[in-house]
Amino acid sequence: MKRRAFLRFATTAAAGVLAAPYVQAQTKKFANVTLRVNGFGGAFDEALRKGVAGPLEEKYGLKVQFTAGATQADLVKLIANKSSPPYDLFMCDSSYVVELLKADIVEEIKVSDVPNIKRILPGFREFGDYGVPFNVSSVVPVFNSKYIKRPLTSYSDIARSDLTGRVILPAPDQIASSLYLLGMAEENGGSISEMEPAMKILSAAKPNIVALAQTNVAELQMFQSEEGYAGIFWDGRAHELRTKGIPIVTVFPSQGVYSTISYINVVKGMKYPEAAYAFADQLLSDQGMLAIPEALRYGVTTDVKLPEDLRRDLLFNSPERNALRKQIDWQQLWANRSGWIERVNKTIRN
Amino acid sequence: MLALSKERDNFVPEADDLVVELRSVSKYYGEVAAVSNTSIGVRRGELLCLLGPSGCGKTTTLRMVAGFVEPTSGSITINGVDMTRQPPYRRDTGMVFQSYALFPHMTVAQNIEFGLENLKWPRDERKARVEEMLRLVELPHLADRLPAQLSGGQQQRIALARALAMRPAVLLLDEPFSNLDAQLRLRMREELREVVRSVNVTTLFVTHDQEEALAMSDRIVVMNAGQVEQIGTPGEIYESPETPFVAKFIGWCSLLKGTVGPDGSFTSAAGLRLDGNWSAGSATAVIRPEHVRLSTDDASGPSYQGRVLQAHYYGGATRIVLDLNGEQLTMQERFPFWRHPKTGDLLSVTISTDDLRVIPAEEDRR
Amino acid sequence: MKQSLLKRRSLTLVILLTPMVLLLAGFLVLPVLGLLRSSFLPSTHLLDGTGFSLKHYVHFFSDTYYSSVLVETFVDGLIVSLVCLLIGFPTGYSLARLTSAARRWRMIVVILPLTLSLVVVVFGWLIILGRNGLLNSLFVYLGIFSSPKTLLFSRPAVLIVLVQQFLPFMILSVMSVVTQIHPVLEQAASNLRANRFVTFRKVILPLAVPGILVGFNIVFVLSISAFITPRLIGGARVAMLGSLIYETIMAQLNWPFGAAMAFVLFVSGLAFTVALNALVASRFTVRG
């Protein structure tokens, strides 16, 4: 090597070495940031770690910490610690967003902050600019095809006389219960403010009901151990039962499906809005959006193209079906719910 | 000396009128015999005492009579009825426990009434009997007290009243004075005797205290290692023990091993010679303190020189252990205080052989 | 002299009791007072608002549903306590009459279930009582059932599981009191012509009453406040106040009403046990 050439090489090399940290800092712009998110636990959090948190750390050095817990308890914690919130992002279903808004502890998220918001399907942002919907879970009638030969077609079918002592329902304090009650009301001419038809169906179904499951895991076990052959359950859980070899059929009620949407919310006063937006954007990207359906077969909220195996399994897999997803007035549902729980308790127990 | 009761000399229990009879009774705990092949009869109206060191089987025997322990073999009859396999509550016995076992949640009156209730006595008869028993033990003012509010002596009297209230065929007493202090023990002994005599109840009584046994009993059963050593009146037991064990256990004595020669005189292993007319062969001489006297001029028989090994002053008398030609003997004498013997002193003594017991070796069966 | 000794003694007493009193005051009395206060809030949501209202109590007592659940809860508590007593007394009694060496491993068997998490115990029962569970398989195999039956989600199932959970408390309290009753008293009774039954009724039982009461109170209070077992085993069809309170607070977020129910349960439970104890004490303590 000639001296000149060497000098030129050395200068370039030195410049490169000096510039390296700067370049690093440019790409890993959230290197020292950790987002604290309440988790739902289990496979759900795992899917988000893989499809959302993993890519974010790779791209930005952003760390995401999920703390699994019961949403109810986490919500109480958040409301009780407004000044120093224990979470940066709060993940919850539609019903709890009502509480978040009432407590005034979450920020709006606009499409200007999170470009992928424009990909969200119509009707999925139930609370205006609050919360980013990333997943939809539906409460549907299900039955075990090994024992039940006449398929169920609606929520009200749980009162069918051939199902005596065979039906399992989520307990009244579960949000799933409020949804199927609403379904039974609206299938029979009632509405969110006129629940009498639903209570009539429930009274008629009383001899059918084996148990009211207090938790999803308990209900899963009941179907698995064949304590009952028909009932109402979450679509993703029905799929889980199928993977365990139980021939559970998911019914798409022809008059409409009642679902709850999972949102990610930015907690007021959190320190890294930019990181939060990056999280939301990744969540709404193809990779992020398909993570949960791939793991749990709960539905998507964007125009992402569904691979064939997912399209076959998911409840909402066509524009026609999407149109049958009922819009729910969560504020009113949340306000009326106590009365419904009391009514169900009295109906079932006496 | 021990005061033997004489006031009941007019009472002679019939030898063949047995209230309780144990025939060849044994009790084994695994390989260990607590009682082996024991036969005892309790005569109507008598006060029979089971006497022996702890672990001799006397308490086990009493508990077999009460029904708390089931014999391994043999039979037990009460008033002629076989009770061997009957539960305690079918047996006509009344027991006073060592710890009295009064029911702490019942008053004195309720305790006494308990057995009568179970016997289905009518209420007014029960009440009358309770009053009668309280008068008998001289504690009518304590009827409504709880056992915890009573002294040890009072508790014992109530326990006695409770047992006697049922008019049992036999009264069983398990070491009844062992929980009382020495002074109270003497008084209670007298009282108990009086009460038992006044109601004329057949009594089987267990104690390890030979003085108690001698003072109270009509007859004594001396037990050792699960077997009967001797049965007899206090006088018989004391004066003519049939085994060295009985001799040693009852009263204070020295046992000299030796032989009886053809002339009927006894020579101990160390060479002490006692003249007499016993049957020849190896034998054991039982020498009690009262047999040994200081030599006096008018004393009959030979005089021996003894060296004082120990001298213990007991208020009234002095107990002295003497070395006589290599044999140790105990004697008891009153000395003026200026002549009080000391260790090493030489004393001249005579041994009265008139009522001296020499036990032939073949009678020493065990 | 005597005065100062007394003073020193009472000072020692104060020092010994202080930590306990502080602990109870801080973690029991204060929260209970907080509970009492929140039960009078007019709101029906979390701990919102201020003010004073009796509406939650009125709601509870004017709706026969809630009062009937309260009564049912008490009946359940009584049944569980009585069954525990019936099973626990012979067990506790026989344990007390063993030598301490023979008692040791049996005690471990009695205490072991208490060391397990309640959730583990309840899921164990779900497996045993399930439609494809141990008991159903056994009964079908033995021909007692022609096909598996639903054993779970019923009142008897809840009561059985509660009995299993709380039985050790009864066994332990009976055992500890029976060890204080000297066996010679039983022999004395037997000598006084009392058969086993009379001995039990007139001697053992009255003397064991303090232990039975302690066991009964513990089991009763634990039973009426149970909520996990009725929720999971009863499948929400079995009404017990504990699970209603849980539901009201956790699912409906109606803290004031939950607090009111909790307070009603607290006061009525306390009143019931005090009354029971007074009754039994007057019946079994010595007359005269």
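Helices (H or I, at least four residues) and strands (E, at least two) are DSSP runs, numbered from the N terminus. The exercises below apply this to a predicted model.

**Exercise 1. Describe chain C: how many helices and strands does chain C have, and how is chain C divided into domains?**

Solution. Begin with the secondary structure: chain C has 12 helices and 0 strands, and the order of elements from the N terminus on is accordingly written α-α-α-α-α-α-α-α-α-α-α-α. Next, take the extent of the chain, for which the C-alpha trace spans about 80 × 70 × 35 Å along its principal axes. Finally, turn to the domain assignment, which gives domain 1 of chain C at 1-38 and domain 2 of chain C at 55-284; the centres of these two domains, taken over C-alpha atoms, are separated by 31 Å.

**Exercise 2. Work out which pair of chains shares the most contacts, and how far apart the closest C-alpha atoms of chain A and chain B lie.**

Solution. The criterion needed here is that two residues are in contact if their C-beta atoms, placed from the backbone, lie within 7 Å. There are 2 pairs of chains in contact, and of these chains A and C share the most contacts. Chain A and chain B, by comparison, are joined by no contact, and their closest C-alpha atoms lie 47 Å apart.

**Exercise 3. Characterise the side of chain C that touches chain A: which elements give two or more residues, and how do its residues divide by class?**

Solution. First count the residues: chain C contributes 20 residues and chain A contributes 20 residues to the contact. Then assign elements on the side of chain C, where helix 10 (228-233) and helix 11 (241-250) are those that give two or more residues. By class, the residues on this side of chain C divide into 9 nonpolar, 7 polar and 4 charged.

**Exercise 4. Determine how helix 2 of chain A and helix 10 of chain A are oriented: roughly parallel or roughly antiparallel?**

Solution. The axes of helix 2 (residues 42-60) and helix 10 (residues 286-296) of chain A come within 9 Å and cross at roughly 155 degrees. Because angles over 145 degrees count as roughly antiparallel, helix 2 of chain A is therefore roughly antiparallel to helix 10 of chain A. The crossing of these two helices of chain A is right-handed. Among the residues that make the contact are Phe44(A), Leu48(A) and Val52(A) of helix 2 of chain A, and Leu290(A), Ile292(A) and Leu296(A) of helix 10 of chain A. Taken by class, the contact residues comprise 11 nonpolar, 3 polar and 2 charged.

**Exercise 5. Compare the UniProt feature of chain B with the domain assignment of chain B: where does each place its bounds?**

Solution. An unreviewed UniProt entry places the feature "domain: ABC transporter" at residues 20-250 of chain B, a span that is 37% helix and 27% strand, with its end C-alpha atoms 25 Å apart. The domain assignment of chain B gives domain 1 at 18-245 and domain 2 at 255-363. The C-alpha centres of these two domains of chain B lie 39 Å apart, and their contact takes 6 residues from domain 1 and 7 residues from domain 2.

Definitions and conventions
Residues are numbered from 1 along each chain as its sequence is written. Chains are lettered from A and ligands numbered from 1 in the order in which they are written. This is a predicted model: local features need pLDDT of at least 70, side-chain atom pairs count only at pLDDT 80 or more; totals for chains, interfaces and linings use all residues. Domain bounds come from an automatic or database domain assignment. Axes are lines fitted to C-alpha atoms, for helices over the stretch in contact, and angles run from 0 to 180 degrees between N-to-C directions. Angles under 35 degrees count as roughly parallel, over 145 as roughly antiparallel, 65 to 115 as roughly perpendicular and the rest as oblique. A crossing is left-handed if the near helix is turned anticlockwise from the far one by less than a right angle, and right-handed if clockwise. Ala, Val, Leu, Ile, Met, Phe, Trp, Tyr, Cys and Pro count as nonpolar, Asp, Glu, Lys and Arg as charged, and the others, Gly among them, as polar. UniProt positions are given in the numbering used here, feature names are shortened, and annotations may be inferred rather than shown by experiment.
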